[in-house]
Amino acid sequence: MLKNFWYAVEFSDKVTTKPARLTVLGQYLVVYRTPKQGRVVALSDLCVHRGAALSGGWLNDDKIVCPYHGWEYEPDGRCTKIPANLPGRGIPKKARVDSYPVQERYGFVWVFMGDLPEEERPPMPVWPEFDDLVENGGKFRVVTGEFLWNANYERILENGCDIAHAPFVHAGRFGNPDMPQVPDYEVEHPDEWSAFATVDLHPPKPSGLWGKFGRLLGNDLKKRPPVTTSAGWMLPNMIKLHVRLPIGDMIIYDTNIPIDETHTLVKWVALRTFFTGKWADKDAINRTLRIFYEDAAVVDKVRPELLPFDLGAELHIKSDIIAVEYRRRRQELADKGWLLNEEDFITGDVPRRTATVIPSPARRESPELARAWVHKARGEHPTVAAARLMGADDETEESK
């Protein structure tokens with residue numbers, strides 16, 4: 001799983017002043033909207049004191065209150081109140097949690113999961129259709145939804161770009177088993193963070209609402225020309241599918257959110273330039289979900305669950321170029337240290353359960369605090385004497 005990227009983690013309208021837990025890259029986040037300014041905050045959902053979940057707490061103005069001992073944390077992660085302290089007693093500098101950069105765009109809350117300074121961060125993906133929505137006088141009608149997979153997000157990402165699977169996994173829906181050949185294509189690279197393949201496909205006869213519309217227009221859709229289709233990946237975890245149907249354009253964005261290595265929550269957006277009335281939304285949602293169910297029946301059972309790093313571990317053919325390009329790009333990012341590694345995990349001794357805590361930008365900005373507020377685990381539990389010494393250090397720092 002890749003860090004140092006913007007992840008679309010939740011639909012904006014679902015984030016309120018009530019703290020909520022989300023899981024991204026194996027890490028628990030607590031997200032909430034500040035009461036006065038409406039700004040979204042994303043913090044590590046792990047109180048540094050005794051490891052309680054802040055998402056079980058409540059807000060005091062912009063601060064979140066831990067439900068265990070009432071510690072209060074600012075949106076930037078600093079603890080500014082410890083109720084158990086007597087008047088005049090300072091708050092240790094190490095009393096803080098990771099706070100991650102947040103933006104809202106395209107109806108999503110995006111969280112930067114990493115510690116890079118702003119000028120070094122990869123850009124957020126661009127979804128230009130959101131500047132042309134029906135409700136703003138434009139041409140795209142949008143519907144949204146989500147789908148839970150029992151599969152690794154990279155398997156899902158490659159599946160979304162895999163043109164050759166459609167005639168078999170989606171036979172009769174938009175795949176044509178009588179014409180499974182994939183034309184040769186050149187991989188397009190709009191930037192260093194994405195890649196796309198565009199081909200002409202021969203889908204089967206449309207059914208349902210789309211088929212009725214074609215007959216009303218008097219079109220013989222059996223004789224229609226091939227449908228130009230583009231599919232590709234947008235780092236770190238997104239798929240874009242653009243289908244140029246005879247009745248208009250359909251574009252789907254999938255944000256494949258890694259819950260952990262083998263579970264993925266997809267929050268998707270489907271846009272269309274045809275049937276732009278609300279009356280057709282249910283049909284658009286159902287069509288998208290049927291595609292997910294068909295894909296999941298196969299992808300959830302793929303083995304090994306994780307993509308191999310060795311390109312030679314699986315057999316690739318000409319039509320797989322778009323997937324091979326993804327694997328090569330992932331290896332480049334792995335070489336830069338952008339894959340989660342042991343420094344991002346803490347593991348308890350008994351039971352040996354692992355939690356992910358990805359460093360936030362504040363750690364890099366204050367190197368002396370780089371691992372200051374990480375629970376000491378992974379076989380490194382301090383002795384009671386050492387813990388007392390750590391507390392003494394905190395008091396000393398505060399008194400400086």
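Reader: Which residues of helix H1 are buried?

Author: This is a predicted model in which residues are numbered from 1 along each chain as its sequence is written, local features need pLDDT of at least 70, side-chain atom pairs count only at pLDDT 80 or more, and totals for chains, interfaces and linings use all residues. Side-chain values use heavy atoms, with hydrogens and water left out. Helices (H or I, at least four residues) and strands (E, at least two) are DSSP runs numbered from the N terminus, and buried means under 20% relative accessible area, exposed over 50%, partly exposed in between (1.4 Å probe, protein chains only). In H1, the buried residues are Tyr153, Glu154, Arg155, Ile156, Leu157, Glu158, Asn159 and Cys161.

Reader: How many of the nine residues of H1 are buried?

Author: H1 covers residues 153–161 and is mostly covered. Of its nine residues, the number buried is eight.

Reader: Which residue caps the N-terminal end of H1?

Author: The cap is made by a side-chain oxygen that lies 2.8 Å from the backbone nitrogen of Glu154. A polar contact is a pair of N or O atoms within 3.5 Å; within protein, one must be able to donate a hydrogen and the other to accept it, and residues adjacent in sequence count only if both atoms are side-chain atoms. The oxygen belongs to Asn152.

Reader: At what angle do H1 and helix H5 pack?

Author: Contact means heavy atoms within 4.5 Å, and Tyr153, Glu154, Arg155, Leu157, Glu158 and Cys161 in H1 meet Ile322, Ala323, Tyr326, Arg327 and Arg330 in H5. Axes are lines fitted to C-alpha atoms, for helices over the stretch in contact, and angles run from 0 to 180 degrees between N-to-C directions. The axes of H1 and H5 (residues 321–335) are 9 Å apart, and the packing angle is about 145 degrees.

Reader: What is the order of strands in the open sheet of four strands?

Author: Two strands pair if DSSP finds at least two bridges between them. Five bridges join E2 (residues 20–24) to E3, five join E3 to E4 (residues 40–44), and two join E4 to E9. The pairing is antiparallel and the order is E2-E3-E4-E9.

Reader: Why is one side of E2 and of E9 left without a neighbour in the sheet?

Author: The order of the open sheet is E2-E3-E4-E9. E2 and E9 (99–100) stand at the edges, so one side of each has no neighbour in the sheet: each has a single partner strand.

Reader: Which residue in the turn between E3 and E4 has a positive phi?

Author: Across the strands, Tyr32 stands opposite Val41 in E4. E3 and E4 form a hairpin with six residues between them. The positive phi in its turn is about 70 degrees, at Gly38.

Reader: Which residue in the turn between E2 and E3 has a positive phi?

Author: Ala20 stands opposite Val31 in E3, a strand with six of its seven residues buried. The hairpin of E2 and E3 has two residues between the strands. The phi of about 55 degrees in the turn belongs to Leu25.

Reader: Is Lys240 buried or exposed?

Author: Lys240 is in strand E16 (residues 238–245). Its side chain makes polar contacts of 3.4 Å with Glu129 and 3.3 Å with Tyr253. Because its relative accessibility is 15%, Lys240 counts as buried.

Reader: What is omega for the cis peptide bond that joins Arg303 and Pro304?

Author: Pro304 is in the loop between H4 and H5. For the bond from Arg303, omega is about -5 degrees.

Reader: Is Tyr106 buried or exposed?

Author: Tyr106 is found in the loop between strand E10 (102–105) and strand E11 (108–113). Its phi is near 60 degrees, a positive value in a residue other than glycine. With a relative accessible area of 16%, Tyr106 is buried.
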